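Welcome! Please take a look at the sequence and the structure below, and then let us walk through them together.

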Amino acid sequence: MSTFLYLTRHGETVWNTKKLMQGWKDSPLTDTGIKQAYQLSQRLSNVTLGAIYSSTSKRAIQTAEIVNGERNLEVYTYDDLREISFGIWEGRTSEDNEKDNPEEWTTFWKTPHLFNNDSVEPFLTVQQRMVNRVNQIVQQHPNENVLIVTHSIALKLLMDHFEHNEMKNLWSTPAIPPASLTLVETEKNNQQEVIFKYDTSHLADLVR
């Protein structure tokens, strides 16, 4: 028996447009982000969802609630599905963080498997909490379709686990677009098949 995981990143946020790093701190969806969520909802309108899960960040919950629409499902929220915590880098531009922490910034992007910072959550910690929570969700929903609304790096780390991609290759694939859709068929024995990944065909002219 398989569980089909519909995985998405939240819609565009205010901090996204300002190029501010956004992990555990939050900002609301922009008008574009709201439209993206509605387009995602339309994309999933013919999918019978057994459950909807979201990170506890408001931007993810807002996206999940829009997709939920008239389904009248409860949106289950978990801290485990949150984005990486950027610590002291939160709410600042990449340029400012690179200027203040050049060596650590370079390691973060160039050699992520070697990255270590007392303030920023380790990549492996994010990956482990994501994998553990998703495995629990799969166990709870055999033979069902489940929507999970999460975040860019958190989702990338989850997919790297599914696809056996080494941590050193974390940034080898492009950034995950807001409200894009990934579909993974997964079984109780932890075997996964990626049906499609980071698809944005439903977003029309809203993709940035």
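## A pairing to start from

In β3, Tyr76 is the bridge partner of Tyr53. To get from β2 to β3, the chain passes through helix α3 (residues 58–68), and this β-α-β crossover is right-handed. Strands β2 and β3 (residues 75–78) run parallel and are paired over four bridges. Please keep in mind that you are looking at a predicted model.

Strand β2 has another partner too: five bridges join β2 to strand β4 (residues 145–150), and these two strands are parallel. Here Ala51 has Val146 in β4 as its bridge partner. Strand β2 itself, residues 49–55, is mostly covered, with six of its seven residues buried.

## The whole sheet

How many strands does the open sheet have, and in what order? There are six, in the order β3-β2-β4-β1-β5-β6, and the pairing is mixed. The edges are formed by β3 and β6 (192–199), each of which pairs on one side only. On average, and ignoring direction, neighbouring strands of this sheet are turned by 20 degrees against each other.

Strands of a sheet pair through backbone hydrogen bonds, in either a parallel or an antiparallel way. For the antiparallel kind, look at strand β1 (residues 2–9) and strand β5 (residues 181–187), which are joined by seven bridges.

Another helix to look for is α7 (residues 152–162), which lies across β1, β4, β5 and β6 and runs at about 145 degrees to β1.

Next comes α2. With 13 residues at 1.5 Å a residue, α2 should span 18 Å, and this agrees with its end C-alpha atoms, which are 18 Å apart. Which residues of α2 are buried? They are Thr32, Gly33, Gln36, Ala37, Leu40 and Ser41. An α-helix has 3.6 residues a turn, so residues three or four places apart point the same way. The buried residues of α2 pack against β1, α3 and β5.

## His141, a loop residue

His141 sits in the loop between α6 (123–140) and β4. Is His141 buried or exposed? Its relative accessibility is 9%, and because buried means under 20%, His141 counts as buried.

Which residues does His141 contact, leaving aside neighbours within four places in sequence? They are Thr3, Gly50, Ala51, Tyr53 and Val146. Thr3 is 138 residues away from His141 in sequence, yet their C-alpha atoms are 6.5 Å apart in space. The side chain of His141 also makes a polar contact, at 2.8 Å, with the side chain of Glu144.

## Ser27, another loop residue

Ser27 is placed in the loop between α1 (14–17) and α2 (31–43). With a relative accessibility of 6%, Ser27 counts as buried.

The side chains of Ser27 and Gln22 make a polar contact at 2.7 Å, and a polar atom of the Ser27 side chain lies 3.1 Å from the backbone nitrogen of Trp15. Not counting residues up to four places away in sequence, Ser27 touches Thr13, Val14, Trp15, Gln22 and Arg59.

Note on methods: Residues numbered from 1 in each chain as written. Predicted model: local features only at pLDDT ≥ 70, side-chain atom pairs only at ≥ 80, totals over all residues. Heavy atoms only, no water. Buried < 20%, exposed > 50% of the residue type's maximum accessible area, 1.4 Å probe, protein only. Pairing = 2+ DSSP bridges. Right-handed = clockwise from strand over helix to strand, strands pointing away. Contact = heavy atoms within 4.5 Å. Polar contact = N/O pair within 3.5 Å; in protein donor to acceptor, adjacent residues only side chain to side chain. Axes fitted to C-alpha atoms, helices over the stretch in contact; angles between N-to-C directions. Expected span 1.5 Å × (residues − 1).
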